[in-house]
2 protein chains.
Amino acid sequence: MKIVALAGGVGGAKMAHGLAQILPPKDLTVIVNTGDDFEYMGLSISPDLDTVCYTLAGLANPETGWGRANETWNIISNIERLGGPSWFRLGDQDIATHLERTRRLKAGQTLSQVVKDFCAAWEVKQIILPMSDSPVRTMVDTDEGELEFQEYFVHRRCEPRVKHFRFDGISAAESAPGTREAVASADAVIICPSNPWVSVDPILQFISLQNKIVVAVSPIIGGKTVKGPAAKMYEELGIEPSALAVEKHYSGLLRGFVLDAVDESLSSQVSVKTLVANTLMNDYTDRARLAQDVLNFIRSL
Amino acid sequence: MKIVALAGGVGGAKMAHGLAQILPPKDLTVIVNTGDDFEYMGLSISPDLDTVCYTLAGLANPETGWGRANETWNIISNIERLGGPSWFRLGDQDIATHLERTRRLKAGQTLSQVVKDFCAAWEVKQIILPMSDSPVRTMVDTDEGELEFQEYFVHRRCEPRVKHFRFDGISAAESAPGTREAVASADAVIICPSNPWVSVDPILQFISLQNKIVVAVSPIIGGKTVKGPAAKMYEELGIEPSALAVEKHYSGLLRGFVLDAVDESLSSQVSVKTLVANTLMNDYTDRARLAQDVLNFIRSL
């Protein structure tokens, strides 16, 4: 069964890693949000791509879910001593990724090529694709004005109330090579438990899911998110945060919907077929078990 | 006694550090070559300035003379794994300096401002000035064509035979703020044991030494350099490398010349007053002793 997974950062990476533990590598393509990408200290940073790549490479920090395992922090502490910015905490190994990516992009490589080469170097066998090679920048309109995503997300710790999202550059951007083909040849598309507003929505602009078997896994469990501001965003946009709100978000796209056991009671209100599963992924086994459950669910649709 | 020291990298930094151990901080200004500056991996790197700053800050690697003490190399090893360039070995702490300098330069700060702020952060009390805030790039014309200095020096390990030096950008460049004033108010100028061709010559373009007491310390000891390609350069340019060649290089500029004890026999051939001293600086004590000898010599002129 050929699967395309749509992923943002940590939640998406964990789900992708679960799928990677089960599927033959050639049967899994992960299309990753690049709306969170930004420039910091002159470095081109792709947080979601790196999280997915590090996770599938076994290089991710198992505690945070993002960044590198056994990371050191010499650079940021020295930059702080010099009075430089430190709100975005970059580890030393992580900076190597950004420096080399920045160098390659400036030399004319596309982001896809960079990701492909990095995955080869890190021995990632699955296919990881950015949604687009063109810069797309998620802008968060808030009660304090429009903020760049990382400014909102990291610097301001998601404190400003959101009003609207805009994906700067998206109308001129094309889907990255391989994305449409991967979707076209996939037996099913899994929308990973990532933020619907800022991780999945941008990806959906680049691919057509018509006539595909699409299954989404709710990132909202018991009205809360495991990580990140999705629940807070729903609330501030006047929608009660719940698995139901997520299902409604993807209304018309889905053939099946996966919600957590704690939300079992909501299952009857979902308008597509549902799978009730343990969606919390605390360890590698959880990831594989959820992936297996979702694949079985897809087969049953 | 107010002293201006002209310095390149390691030799100049050691001499400056010797002087810093003796003189009150406000009485020592070090004007540093920036012809070695270059861009690498998108970073603006100032090798000589950093060597002088790190040395006076007590942060320099005591074994190499350049780079940081207790350095780690996570970035370069990760960049190598990704297939990126690694011929210029940048340590992690050192990269922090380059990242923050690059950020500040891009934001519009001058190199002088950056150095001043960094010295404040590193608690360097002496005044360290770049020769110029404008980019000057030492180009080495060789039997293999013209090479950028670091390409020649680090990447090609000084192997190509030199024919000529050119300081790209120097005619349009102005001396950095404070350099001329420092020289004007100095009681004496010390040309540190740095490479005459590529470290000192560029600095000399920016300041006037007329009517000043100028003393040079030979970087060539027994026909050889302690570090770097000065002796090789003299040879390839058809000049026998010796302390005498150095004195001749600065012909007309000097009031006094300092040569090593092993070159004592050459002393009589020097056309200005000489000091024969132990000029090898293996440790902090050597540096201070040489500095004291040179200061005494200056007083005697």
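Strand β13 of chain A, residues 256–260, is mostly covered, with five of its five residues buried. Here a residue counts as buried if 20 or more other C-beta atoms lie within 10 Å of its own, as exposed if 12 or fewer do, and as partly exposed in between, with the C-beta atoms placed from the backbone. This is a predicted model, in which local features need pLDDT of at least 70 and side-chain atom pairs count only at pLDDT 80 or more, while totals for chains, interfaces and linings use all residues. Residues are numbered from 1 along each chain as its sequence is written, and chains are lettered from A and ligands numbered from 1 in the order in which they are written.

Back to the strand. Which residues of β13(A) sit on each face? A:Gly256, A:Val258 and A:Asp260 are on one side, A:Phe257 and A:Leu259 are on the other, and all are buried.

Seven strands of chain A form an open sheet in the order β5-β2-β1-β9-β10-β13-β14, with parallel pairing. The edges are β5 (127–130) and β14 (273–277) of chain A, each of which pairs on one side only. From one strand to the next, the twist averages 20°; axes are lines fitted to C-alpha atoms (for helices over the stretch in contact), and angles run from 0 to 180 degrees between N-to-C directions. Strands and helices are DSSP runs numbered from the N terminus (strands: E, at least two residues; helices: H or I, at least four), and two strands pair if DSSP finds at least two bridges between them.

| Strand pair | Bridges | Facing residues |
|---|---|---|
| β9(A) and β10(A) | three | A:Val189 and A:Val214 |
| β10(A) and β13(A) | three | A:Val217 and A:Val258 |
| β13(A) and β14(A) | five | A:Val258 and A:Leu275 |

**Two helices in chain B**

Now over to chain B and its helix α1. There, 11 of the 11 residues are buried, so α1(B) is largely enclosed by the rest of the structure. Among the buried residues are B:Val10, B:Lys14, B:Met15 and B:His17. The cover includes β1 (3–7), β2 (28–32), α2 (47–57), α8 (196–204), β10 and α11 of chain B.

Helix α11(B), residues 284–300, has 17 residues that should span 24 Å at 1.5 Å a residue, and its end C-alpha atoms are 25 Å apart, which agrees. The expected span is 1.5 Å times one less than the number of residues. Its buried residues are B:Arg287, B:Leu290, B:Ala291, B:Val294, B:Leu295, B:Phe297 and B:Ile298. They cover an arc of only 160° around the axis, which puts them on the same side of α11(B); the arc is that of the directions from the helix axis to the C-beta atoms. They pack against α1 (10–20), β9 (188–191), β10 (214–217), β13 (256–260) and β14 (273–277) of chain B. What does the face turned away from the buried side of α11(B) carry? It has the exposed residues B:Thr285, B:Asn296, B:Arg299 and B:Ser300.

**How the chains meet**

Chain B can be laid on chain A with an RMSD of 0.0 Å by a turn of 180° and a shift of 0.0 Å along the axis. The two copies are thus related as by a two-fold rotation axis. The superposition is by least squares on the C-alpha atoms of residues with pLDDT of at least 70 in both copies. Of the residues of chain B, B:Asp92 comes closest to the rotation axis, with its C-alpha at 3.5 Å. The same surface serves both copies, as 100% of the contact residues of chain B recur in chain A.

The contact takes 24 residues from chain B and 24 residues from chain A, where residues are in contact if their C-beta atoms, placed from the backbone, lie within 7 Å. On the chain B side, α3 (74–81), α4 (92–106) and α5 (111–121) each give two or more residues. The largest share, 10 residues, comes from α4(B).

**A few loop residues**

A:Asn70 lies in the loop between α2 (47–57) and α3 (74–81) of chain A. Its phi is near 50°, a positive value in a residue other than glycine. A:Asn70 is exposed, with 9 other C-beta atoms within 10 Å. B:Cys158 also has a positive phi, near 60°, and is partly exposed, with 16 other C-beta atoms within 10 Å.

Terms used
Two residues are in contact if their C-beta atoms, placed from the backbone, lie within 7 Å.
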